[in-house]
Amino acid sequence: MEHAEFKKYIDQNKDRFLTELFELLRIPSISSDSTKKEEIIQTAEYIKEKFEEAGVDNAEICETAGNPIVYAEKIIDPSLPTVLVYGHYDVQPVDPIELWDSPPFEPEIRDDKIYARGSADDKGQFYAHLKAFDAMSSLKSHYCNVKFMIEGEEEVGSENLGIFVTANKEKLAADVILISDTSMLSLEHPSITTGLKGLSYMEVEVTGPNRDLHSGTYGGAVGNPINILSKMIASLTDENNRITIPGFYDKVVELSEEDRIKIATAPFSEEEYKKELEVDALAGEVGYTALEQLGIRPTLDVNGIWGGYTGEGAKTVLPSKAHAKISMRLVPNQNSDEITKLFTNHFKSIAPPQVKVVVTAHHGGEPAVTPIDSIAYKAAENAYEEGWGKKPIPTRDGGSIPIVALFEKELGLNSILLGLGLDSDAIHSPNESFGVNNFLKGIETIILFHKHFALLKK
Ligand code: BES
Ligand code: MN
Ligand code: MN
């Protein structure tokens, strides 16, 4: 089949593809919100129906202890290679809602971009795979066997998917895993993500006096947990912005000069980056460029901090408690459990005697790197070259998809991270968007991946 035929099919059906995606985007499948269980099920059912319409052999909803997984497959010929597609239908919460220019679950197109929660992360991206499959079925031109596994708990740690994968190794047997849940540099510079960071996510509670106190009658004499927590957090990085937790960097692989030169060749302008974010200066570990920090250096960020009085006006109070959520993004060969332990011990050790500290760990995950000398990577490169007329650049992302490391461990499979989004899509933020062109070009690129993977596997 000539690729032009696929292009024609996509062009003729693009309105239908978008209408279907909009239906999917209208369902608020927020996995962290326990009141959205019905919407989660509705989403899974909608996806199953769309797989059936697109011509799979069978599609099923696999129950888990949490949100269901949608599984579908089409086996053309056992002698052909098998592509296992992973994606997630759950989305992040929408707050702060007042910053959205249009309601998050009422998708609309402005400036050729689809605005909605989940448009890029990850409904629009995984739906491109479903529509690539639709095109291949309609034109009776499948190159590979395909299995799809679309989960509903990625944004809350994929715990039940891990159990499902371990229990269904045979069902999931494949030659490669294909994922579109990352971003590319730009439409002019396609790129393939070759590394994802790991994650340790901590919550800390600092308690001072047994109750909130009048900040005049007690202030000064009694330790203020918010003042103390602020100092503790400030001490987690030094004057060079290096993380001070003892042992934190012990296993970090230092960059070779060659790696650094490669990273520096990516088309990235610090000036434009600052301009887009409206910041006058960039931050980070002294001695490393922004791209290096983003891709291959571990980082520590406070994600939230609260305590005391935050309502209208002024209330004079010396609070009893202060809290913070702190995440650390990890790089090869750091281990999430180890880092969690190091953080916990260190944070307790730096607490002054005026306060008691409780540290708890939320879900974490391991970093992942995909080799660039594999057949699958070559197929992805060829797909971009044929579809975009440009060789894609390998890049490392700062985000995490913890299940990727588990796929490698449990299924022995590498993942190809065929990201279709852009960093400017504002995932997890207000006004999340996904380019219409990213969606349509993405469908083409996916088909080309299947074609080149089958060719190279011969
Ligand atoms: N799709 C993102 C991960 C991502 C985004 C990777 C952009 C690379 C570039 C995923 O849905 C996500 O948000 N992951 C979380 C971790 C998860 C355990 C909640 C993250 O990275 O914060
Ligand atoms: Mn995602
Ligand atoms: Mn996400």
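Predicted model: local features only at pLDDT ≥ 70, side-chain atom pairs only at ≥ 80, totals over all residues.
Arg110 lies over the face of Tyr115, with a distance of 4.0 Å from the ring centre. A second contact of this kind involves Lys171, whose charged end sits over the ring of Tyr71, 4.5 Å from the centre of that ring.

Let me turn to the aromatic rings. A pair of such rings is described by the distance of the centres and the angle of the planes. With centres within 6.5 Å as the criterion, the count comes to twelve aromatic pairs. One of them joins Phe6 and Tyr143, a tilted pair at 6.3 Å centre to centre with 50° between the planes. This pair links distant parts of the chain, 137 residues apart: Phe6 belongs to helix α1, residues 3-26, whereas Tyr143 is in the loop between α3 and β6. Both Phe6 and Tyr143 are buried.

Why is the pair of Tyr9 and Phe17 classed as tilted? The ring centres are 6.3 Å apart and the planes stand at 55°, so the pair is tilted. Tyr9 and Phe17 are each buried.

I now come to a sheet. Four strands form an open sheet in the order β11-β12-β10-β13, with antiparallel pairing. Its edge strands are β11, residues 299-307, and β13, residues 356-361. On average, neighbouring strands are turned by 20° against each other, direction ignored. Strands β11 and β12 run antiparallel and are joined by eight bridges; Asp301 has Ser327 in β12 as its bridge partner.

Helix α5, residues 225-234, packs on this sheet and touches β10, β11, β12 and β13. The direction of α5 makes about 15° with that of β12. Helix α9, residues 336-349, also packs on the sheet, touching β10, β12 and β13, and its direction makes about 20° with that of β10.

Note on methods:
Residues numbered from 1 in each chain as written. Chains lettered and ligands numbered in written order. Heavy atoms only, no water. Phe/Tyr/Trp six-rings, centres within 6.5 Å; stacked < 30°, edge-to-face > 60°. Helix = DSSP H or I, 4+ residues; strand = E, 2+ residues; numbered from the N terminus. Buried < 20%, exposed > 50% of the residue type's maximum accessible area, 1.4 Å probe, protein only. Lys NZ or Arg CZ within 6 Å of the ring centre and 35° of its normal. Pairing = 2+ DSSP bridges. Axes fitted to C-alpha atoms, helices over the stretch in contact; angles between N-to-C directions. Contact = heavy atoms within 4.5 Å.
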